[in-house]
Amino acid sequence: MSDDTAVELEARLEEQESFEPPASFVEQANVADEGIRERFGEEWPECWTEAADLLTWDDPYDEVLDDGDAPHYEWFTGGSLNASANCLDRHVANGAKNRAAIKWEGELGETRTYTYGDLLNEVEAFAASLRALGVEEDDVVTLYLPMIPELPIAMLACARLGAPHSVVFAGFSADALATRMNSAESEYLVTCDGYYRRGDALNHKEKTDKGLRGVEGDVETVVVDRLGDELTHFLGKHAHDYDELVEAHEGASVEPVSRDAEDMLFLMYTSGTTGEPKGVKHTTGGYLAYTAWTSRAVLDVEPEDTYWCAADIGWITGHSYIVYGPLALGTTTMMYEGTPDYPERDRLWKLIEKNRVDTFYTAPTAIRSFMKWGTEYPERHDLSSLRLLGTVGEPINPRAWKWYYKHIGGENCPIVDTWWQTETGGMMVTTLPGIDTMKPGSAGPPLPGVDAQVVDADEEPVEAGEAGYLTVQKPWPGMLRTLYNNDERFIDEYWREYSDPDADEWVYFPEDGAKLDEDGYITVLGRVDDVLNVSGHRLGTMEIESAIVGVSGVAEAAVVGGTHEVKGEAVYTYVILEDGQEPTDEMRERVVDGVEDAIGPIARPEEVIFTPELPKTRSGKIMRRLLEDVASGAELGDTSTLRNPEIVEEIQAQVSED
Ligand code: ATP
Ligand code: MG
C-alpha cells in the first residue's frame, strides 16, 4: 500500500461513525434472528427458557420467574442442577472428553492443557480433598489465588460440593483478605506459596499468613505450590499441600451435589472503587443460564473455538466469561498468568497467533496501553484467526475502538462493547455481533429480554439525544440476589432511587449515567458520581476524556473536577502521551482545543497535567477521587487499594510546581 492510500484509509476510518458486521461473521453467527429483541420482549419472562435450555437440569423448574417477594426475585424456581456437572460431566459424556477445556499459558513460558476429561478428574480429586478437610454444602470457601489452573479447578470443586466460593483477587492485600473472610464467615482457604510477575517471584504465602492473623477461628488452608520450592516449612497445623491432597484422592469419584436453582453458587466482593466492599450473591440456576446464554449470543462461543478473555478470574468478568459461561458451553477457554508486556509488549499477540484464538475479550484500559505502545507489536504477528473482539469495564472512546478494530481485528471482526457489572452477573447492554450495526463509543441496545432504560431525575424516560440515569426496569436471570447477610443494604444500594415500593414497582439502579442515542443505542457515561458541575453545566468526565484521547498523540486521559472560586468546579485533566510524544505547550494547546471543539468552551480545561501514569485500582480503573484530591489541594485519601500508589505523590508534586 502506498503511503497516500494508507493516510486516506486512516482518514476514512477516523470519520466513519458506524460499522456493519462483516459478511463472513454474519454467515456463521450464533444469533442471526433480527427479530430476537421483539420476540424476547413479547415472550418475557418465558423467553429466558432459551437460556435455561442450554443447561442440563437434575429436576426441571416449575416457574421461570417468581416475583412474589420483589426485589428478591427468584428464577427457575423448583429446578435443581449442579454447576460443575454442567461445565464438565455432561461434556465428557457427550464425547468431548479429549477436547481442551483450559489452555493455560504461564508467565515464564510454560503451558498446561486440561482436556475436559483431565479437568473432571482433577476437580473430583480436589472436591474429595476439600470434603476430607470438612467442607460441607453451603460452607463458604475463600480462594486467594492468582491466574493458575488451580483457581478454576478449586471453583468447580466447590461448585461440585455445593460450597459457595469467594474468590479474593490475589493482588489484594492481607487486610482485604481478612475483611472478606470475616464478612463471609469463611473457615476454608485455598492459597499458594507465590507467583510470578514480570519474572519476579512474589511471596503470596507471607501475605496470606498476615491476613489469616486477622481472621477469627481456625482456618483450614490449602497451599498450592506454584514456585516449585520446598513447601513444608510454610505449613502449620491447619495447612495442607494441594498436590499431596490431590494425589491422595486421585481417581476419587464425587457425585455432584444437586443444588436448588436459587442456592448460592458464589460470593463476589466488588472491587471497591467506592466505599466498603459489597458481598454480591449469585445463584446456581439463573447465573449459569445467563452467562451461558450471553457467551453464546454475544461472544459467539462455539465448542470448537479457542476463546480468550484476558481478564483476571479475581473479577466478575473472569468468573462469568473465563470460567462459567465458556465451560458451560464446552469450549476451550484460555488463561494467561502474566502481564501483557512480559517479556515483551507483543506477548498477547504472540499468544493469539500461537493458539489460533477465535475470540478475544479485554478492557479499554488495556487497549489504550496497546495504543500507547504502538502498532509494531501486533504487526509482528498473524492475528487472522480472530473472528470477534470484545471490551468491558469502562466506556471505550471511539479512537481506541477504531484502533482495536483496525490493528487487532484487521477490520474484519465485529467488536462488542459490553456494559455490565459484578451485580448483573453477565452482559446487559451490547450489540449482538451478527445482527447489529456498531457505533464506536456507544455500547449498543439492551440485550434481548433486558429492559434497560435511561431516565431523568423524575424517573421518566429521557428523549432521544438526552442524558440521564441508566436503570433496569425488569429483572433478569443473572442478577444478584442480595448482598451477603445484608438485605437492607441490597435494597438501599440498588432499589431505593427509582422504585415505588408501595406500588410494588421495582427498578434496578446501577449508579451509572448514560445517554440515549437517536437510534435507541445507549452510550454509557460512567458512574453518576463522576459527573462535574461547571458553572451550572453538567459535564460527563468520560465525554471530556474521550475528546482528549481523540487528539492525536494522546494515549489516555483522566478528567476530574477541582474546586474553583468562580466556576464552582473546574475541569482538571491528566494526560498520558503516546510513546515518542513530548509534553510541549503546543501539545497542551491541542488538548484544550480538542475539548473546546468537541464539547464547547464551557468544558475548557483549567489545567492540563502531563503524567506518565494514572492512579489505578487493581482492576485497572482510574481512581478519580485521588486525582480530585490533588486538583483541589486536599489531603490525599486512602491509597491502599491502588496498583501504583507512588504515582499520586509524583503528580501532586508536579501540580504544586506549576
Ligand atoms: P465498585 O462497584 O466496587 O465500586 P466497579 O463498579 O468498578 O467497582 P465492576 O462491577 O467491576 O466494579 O464494574 C462495573 C462498572 O464498570 C459499571 O457500573 C460501569 O460503570 C463500568 N462499565 C463496565 N462495562 C462498561 C462498558 N462497556 N461501558 C461503560 N462502562 C462500563
Ligand atoms: Mg460498581
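# Exercises on a predicted model

The largest cavity has a volume of about 50 Å³. This is a predicted model, in which local features need pLDDT of at least 70 and side-chain atom pairs count only at pLDDT 80 or more, while totals for chains, interfaces and linings use all residues. Residues are numbered from 1 along each chain as its sequence is written, chains are lettered from A and ligands numbered from 1 in the order in which they are written, and side-chain values use heavy atoms, with hydrogens and water left out.

## Exercise 1: the largest cavity

Task: state which residues line the largest cavity and how they divide by class.

Solution. Begin with the term: on a 1 Å grid over the protein atoms alone, a cavity is a set of points where a 1.4 Å probe fits but cannot get out, and a pocket is an open set with protein on both sides within 12 Å along at least five of seven lines; lining residues have an atom within 4 Å of a point. Grid points are joined across faces, edges and corners, and a volume is the space filled by probe spheres set on the points. The structure holds five cavities of 30 Å³ or more.

Next, list the lining of the largest cavity: N82, A83, C158, A159, G162, A163, P164, R259, M264, L265 and T284. Then assign elements, where helices (H or I, at least four residues) and strands (E, at least two) are DSSP runs numbered from the N terminus. At least two lining residues each come from α7 (150-161) and β14 (264-269).

Last, sort by class: Ala, Val, Leu, Ile, Met, Phe, Trp, Tyr, Cys and Pro count as nonpolar, Asp, Glu, Lys and Arg as charged, and the others, Gly among them, as polar. The lining of the largest cavity has seven nonpolar, three polar and one charged.

## Exercise 2: the second largest pocket

Task: describe the lining of the second largest pocket and find which element gives the largest share.

Solution. The second largest pocket contains about 1,100 Å³ of space. Its lining has 32 residues, with E14, P398, R399, K402 and S546 nearest the centre. Two or more residues each are given by α1 (3-15), α16 (398-408), β25 and α18 (541-549). The largest share, six residues, belongs to α16. By class, this lining comprises 12 charged, 10 polar and 10 nonpolar residues.

## Exercise 3: backbone exceptions

Task: locate two cis peptide bonds and two positive phi values in residues other than glycine.

Solution. Most residues other than glycine have a negative phi, and most peptide bonds are trans. The bond joining A70 and P71 is cis, with omega about 5°, and P71 sits in the loop between β1 (63-66) and β2 (74-77).

E185 has a positive phi of about 45° and lies in the loop between α8 (174-184) and β8 (188-192). For accessibility, buried means under 20% relative accessible area, exposed over 50%, and partly exposed in between (1.4 Å probe, protein chains only). E185 is exposed, because its relative accessibility is 58%. E511 has phi near 70° and lies in the loop between α17 (487-494) and β24 (512-516). At 31% relative accessibility, E511 is partly exposed.
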